[in-house]
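This briefing is meant to be read alongside the sequence and the coordinates. Please keep both in view while working through the points below.

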Amino acid sequence: MNHKLPIYYYGEHIYNIEYSDSFNNIINFFRAYNSGGKRKLCIVADSKVAGLYIDELTGLSADYFSKTVQYVFDEGEASKNLDTVKGLYVKLIEEHFDRKDLLLALGGGVTGDMCGYAAATYLRGIDFIQVPTTLLADVDSSIGGKTGVDFDQYKNMVGAFHMPKWVYINLSALNSLDKRQLWSGMGEVVKSALIKDKEFYYWLKDNISLDSPDCFRRIVYTCNMIKKNVVEEDPHETEGEREKLNFGHTLGHALEKHMDFKMLHGECVSIGCILASIISRNKGLLYDGDCDDIVKFIDKNFNLPEPRITDDDIDKIISYTHSDKKAVGDKIKFVLLEGIGNAVISKDVTDDDMRAALKEYFGWIGKNN
């Protein structure tokens, strides 16, 4: 695996993803970015990640910034809102941050999305870097410049495109994750394989134990390559290619909201991938055998929660899809599969299509409890 992966924006190099097994090499960016030493740094982290890493990052930055401050918020999806961003704005104003200063998002997807949105909007835009510490953030949310927050429990309804200046992935941070967080991250991993890389999907099936650093290196790097290629082709999701990254997310987001965010994002994406595969099969796009393979692989290996879902719950889940940011009028842009590794955009998925898939999957797990 290369130590750096360059990311381009309309042909122009804009940042690198750098890989390491510690945080130590982050000083190389600090030194180059702030050679005059006059800039300030604000490290943004949730309460759990702050307890693990924020003092180490603060210490590493001490020689390279005129001042380093910390902004810590409560752990969890419930903090991914405008109130948390408002608190960060207040911190930046009180510490006299200007457009030459820097934010550092330290943590998972909630932190990266929220900090990135604050960076995009504070003083109409200041620089930020992503330092992900979860598998989900390593493989997906830290890459590509999408930032945002939830609004009244609607996922990512307020946001902006704002590219980071750098992404620094310390793979050893994965050692601090519990099993549930690791398997949640695998939701975005299998999504990447299913939409773009059939060979990677079958490699995952053969290496699903996740028991070696080399396994994680390949997973992270391969997913980053997939997202790099998609984002470089369609930076602002205007050509249709980047929309394919939403595979599993339409019903995944709706389930996440219905469960009041008590299920992790990646867990809901995993179930969303199963549901989208069933819909693909029912619409004649995906072979029965491939659909069965996907459903059994994810359900058997990803340690998914098994919520009790009634017919009334199914109706509510479907209703939430019509408030999703991917809805266009009364149509929903739904990502389906025309085979493993080949995603397509459809506007022909109906409520009945979703209902049939939800009933099949939740009925199936109910019989197999």
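Is Arg-281 buried or exposed? In this predicted model, Arg-281 is buried, because its relative accessible area is 17% and the buried class covers values under 20%.

**Salt bridges**

- Arg-281 forms a salt bridge with Glu-360, in which the closest N and O atoms are 2.7 Å apart; the pair links distant parts of the chain, since Arg-281 belongs to helix H10 (residues 265-282) and Glu-360 to helix H13 (residues 351-367), 79 residues apart.
- Asp-260 and Lys-262 meet through their side chains in a salt bridge of 3.2 Å, N to O, where Asp-260 is partly exposed at 38% relative accessibility and Lys-262 is exposed, with a relative accessible area of 61%.

**Buried positions**

- Ala-118, which lies in helix H4 (residues 109-121), is buried, with a relative accessible area of 0%.
- Not counting residues up to four places away in sequence, Ala-118 touches Val-85, Leu-88, Tyr-89 and Leu-103; the C-alpha atoms of Ala-118 and Val-131, 13 residues apart along the chain, are separated by 16 Å.
- Glu-243 is found in the loop between helix H8 (213-233) and helix H9 (249-258), and with 13% relative accessibility this loop residue counts as buried.
- When its neighbours within four places in sequence are left aside, Glu-243 is in contact with Asp-234, Glu-237, Lys-333, Val-335 and Ile-345.

**Nonpolar surface patch**

- Leu-82, Phe-151 and Met-157 form a nonpolar patch on the surface, and together they have about 250 Å² of accessible area.
- Phe-151, a member of this patch, is found in strand E7 (residues 146-151) and counts as partly exposed because its relative accessibility is 40%.

Conventions: Residues are numbered from 1 along each chain as its sequence is written. This is a predicted model: local features need pLDDT of at least 70, side-chain atom pairs count only at pLDDT 80 or more; totals for chains, interfaces and linings use all residues. Side-chain values use heavy atoms; hydrogens and water are left out. Patches are made of residues with over 30% relative accessible area and no salt bridge: like charges are joined within 9 Å, nonpolar side chains (Val, Leu, Ile, Met, Phe, Trp, Tyr) within 5 Å. Accessible areas come from the Shrake-Rupley method with a 1.4 Å probe; for residues, only the protein chains shown count as cover. A salt bridge is a side-chain nitrogen of Lys or Arg within 4 Å of a carboxyl oxygen of Asp or Glu. Helices (H or I, at least four residues) and strands (E, at least two) are DSSP runs, numbered from the N terminus. Buried means under 20% relative accessible area, exposed over 50%, partly exposed in between (1.4 Å probe, protein chains only). Contact means heavy atoms within 4.5 Å.
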